[in-house]
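Here are my notes on this model. Please read them with the structure open.

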Amino acid sequence: MVRIYNGMPAAELGAEGWHKPWSGGNGGNCIEAMKLADGRVAVRQSADPDGPALIYTPAEIAAFIQGAKSGKADFLLT
């Protein structure tokens, strides 16, 4: 069994199950996410699929999505 930890090589999580929920018109560079068996979420940069995966708890992902929806991440767009 693979030990899942923050910053691990994303390739160790396998190639199946990654989704591009935040894809845009940026030449294919986007963020990919995978829901892990224990409920955590792995995030990687699609242009570097073998690079590090950031691992978030369900609560962390929910807080980010709710914050982004309410405009708290709008500063990242300017």
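Two strands count as paired if DSSP finds at least two bridges between them. The model is predicted.

1. Strand pairing. Strands β2 (residues 31–35) and β3 run antiparallel, joined by 5 bridges. Within this pairing, K35 stands opposite V41 in β3.

2. The hairpin turn. There are 5 residues between the strands in the hairpin of β2 and β3.

3. R44. Is R44 buried or exposed? The cut-off for buried is under 20% relative accessible area. R44 has 10% relative accessibility, so R44 counts as buried. The residue is found in strand β3 (residues 41–45).

4. Partners of R44. What does the side chain of R44 make a polar contact with? The partner is the side chain of E32, at 2.6 Å. The R44 side chain also reaches the backbone oxygen of P49, at 3.4 Å. Leaving aside neighbours within four places in sequence, R44 is in contact with A10, G14, W18, C30, I31, E32, P49 and P52.

5. Nonpolar core. The largest nonpolar core has 9 residues. They are M8, A10, L13, W18, M34, L36, A42, A53 and I55. Take I55 from this set. Beyond its neighbours within four places in sequence, I55 is in contact with residues including L13, L36 and A42. The contacts of I55 also include R40 and E60.

6. Helix α1. This helix covers residues 58–69, 12 residues in all. From first C-alpha to last, α1 reaches 16 Å, close to the 16 Å expected at 1.5 Å a residue. Just after α1, G71 takes a positive phi of about 95°.

Definitions and conventions
Residues are numbered from 1 along each chain as its sequence is written. This is a predicted model: local features need pLDDT of at least 70, side-chain atom pairs count only at pLDDT 80 or more; totals for chains, interfaces and linings use all residues. Side-chain values use heavy atoms; hydrogens and water are left out. A nonpolar core is a set of buried Ala, Val, Leu, Ile, Met, Phe, Trp, Tyr and Cys residues joined through side-chain atoms within 4.5 Å. Buried means under 20% relative accessible area, exposed over 50%, partly exposed in between (1.4 Å probe, protein chains only). Contact means heavy atoms within 4.5 Å. Helices (H or I, at least four residues) and strands (E, at least two) are DSSP runs, numbered from the N terminus. A polar contact is a pair of N or O atoms within 3.5 Å; within protein, one must be able to donate a hydrogen and the other to accept it, and residues adjacent in sequence count only if both atoms are side-chain atoms. The expected span of a helix is 1.5 Å times one less than its number of residues.
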